[in-house]
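These are my notes from going through one model, entry by entry. I looked up the pocket, then the cores, the strands and the backbone exceptions.

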Amino acid sequence: MPILGLSPNQPPSFPEHFDVESVIRPNILTLHPYRCARDDYSEGILLDANENALGHSIVQNTNGSTPEESSSSLTRGIEDTLALPLHRYPDPVHLPIKQRIASLRSIPSPENVFLGVGSDEVLDLLIRVFVQPGVGPDGQGQRYDKILIAPPTYGMYSVCAQVNDVGVVKVPLRVREGDIGGQEGGKAGRFSLDVDALKAAVIHEQRELGNTIKVIFLCSPGNPTGTLLDPESIKEVLEWSEFKGIMVADDAKMDEGINKKSAASLVGKYHNLVFTQTLSKSFGLAGIRLGIALASIPIIQILSNTKAPYNISVPTAHLALKALSPESLSLWRSNIRTLTASRISLIQSLQVLSKQNNNDLGVGPIIGGNDANFVLVRILEKAKGDKERKPDSARAQKIYKRLAEQMGVVVRYRGNELGCDGCLRITIGTEEENAMAVEKLQEAMKFL
């Protein structure tokens, strides 16, 4: 059965073994989407959607701010927000935003763009569209749909799977020191995709257990690894005929514009690839919750058929459109250059700490590819004579808690993640924040 709303004049699927309609859950494929009032008409005297024609009831002071807002710096923003048509339901399509995203990411058409409430809504929706709920005892069993993830990775993939009653297959990235040859990322370095192990897992699930791997979630650059996955490894999996599901390349942590090896460049060719992103990171708009999926038109159509109506709010759409304007994109690129320089400076500062007094503090190496807006640094055991010092997760956690609870610096403890023993993840802050973080880290490590 064809996807409802999809034009029949679609190009042949690539790779040839991929058939999107066979991957979609049957009940979703036959779903007649909810039709919004604004799908038909959006201008004129609008008396069709049971909205409040009198407008909102937010009381403003004479200076434009609400009584609760006393800061004059907030007044202009409040005025702009309250001047929006908040009493009307939002545009269900947001074509101008999609057009700007398509242009920025060099995507063929705005029809290749889907918008969600943060990338997390997109990830959850992909599971609901493609993966049939149901798991066997203890997550095992046969003849089930499953997802595949590559830890260490973003924790929401497993959370979404559990919420949707879906089994998870785990194929770790390369983390063993003996397997990586002292390299970070790339085709066979630390936190690289083990394509052979992934293929073996898929074959085991599909040929031996009768299960189906419907979605492979890959985080690139990884969280918490900060490492871009090798594009050739991604293409090898996409073109492998044994895998007939979709791959999700989650790029939410990426400093757009810095890295040119983004999987987004593959969307126009590979119909079994979904590329997800957000305005939360390099755009600095975590508070507006706007996520993005870039994919083939059939996948975007089925996502649109399934999503909740009016999922992107009027204020979010307004701010996103401004953020994607030529003037704002110029500032965005400037901010990326600043963040990149700050990342280099933070890495250098941490390396200086590791060389002081024969590294009596125990600042370990920075691991991962450093392709994101954070760095991953190891904390080592305290010095004990000439004994080789190993990563110390217990110490790292104590330092993390002391920084947050007594020193006002909040980083992220990641020592419980595969291959991240003793690791703290430090987001790139302002120049002043980075300097303070390094200073307080040094103090905490002297104490603990």
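**Entry 1: the pocket**

I began with the lining of the largest pocket, where α10 supplies the largest share, six residues. I note here that the model is a predicted one. The volume of this pocket came out at about 750 Å³.

I then listed the lining and found 32 residues, with V93, K98, Q301, S304 and N305 nearest the centre of the pocket. Elements that give at least two lining residues each are α4 (95-104), β1 (113-116) and α10 (297-306). Sorted by class, the lining holds 17 nonpolar, nine polar and six charged residues.

**Entry 2: nonpolar cores**

I next asked which residues touch the most other members of the largest nonpolar core. They are L148, L193 and L294, in a core of 54 residues. Helix α8 (residues 195-208) gives this core its largest share, four residues. Another core, of 36 residues, lies apart from it, and its members include I127, I149, A295 and I299. As background, I recorded that nonpolar side chains tend to be buried together in soluble globular proteins.

**Entry 3: strands β4 and β5**

I checked how strand β4 (residues 212-219) is joined to β5, and found a parallel pairing with five bridges. Within β5, A249 is the residue opposite L218.

Is β5 (residues 246-250) mostly covered or uncovered? I found it mostly covered, with five of its five residues buried. I246, V248 and D250 are buried on one side of β5, and M247 and A249 are buried on the other. I marked D250, a charged residue by class, as one of the buried residues of this strand.

β9 has two pairings in my notes. With β8 it runs antiparallel, joined by three bridges, and I366 stands opposite V377. With strand β11 (residues 423-427) the pairing is also antiparallel, over five bridges, and there F374 has T427 as its bridge partner.

The hairpin of β8 and β9 has six residues between the strands, and G368 takes a positive phi near 95° in it. N370, found in the loop between β8 (363-367) and β9 (374-379), has a positive phi of about 55° although it is not a glycine.

**Entry 4: backbone exceptions**

F191 is in the loop between α7 (177-180) and α8. Why does F191 count as buried? Its relative accessibility is 0%, and buried means under 20%.

I also noted two cis peptide bonds. The bond from F14 to P15 is cis, with omega near 0°, and P15 lies in the segment before α1 (20-23). The bond from N223 to P224 is cis with omega near 25°. I placed P224 in the loop between β4 and α9 (231-238).

Methods: Residues numbered from 1 in each chain as written. Predicted model: local features only at pLDDT ≥ 70, side-chain atom pairs only at ≥ 80, totals over all residues. Heavy atoms only, no water. Core = buried A, V, L, I, M, F, W, Y, C linked by side-chain atoms within 4.5 Å. Buried < 20%, exposed > 50% of the residue type's maximum accessible area, 1.4 Å probe, protein only. 1 Å grid on protein atoms, 1.4 Å probe; cavity = no way out; pocket = protein on both sides within 12 Å on 5 of 7 lines; lining within 4 Å. Points joined across faces, edges and corners; volume = space filled by probe spheres on them. Pairing = 2+ DSSP bridges.
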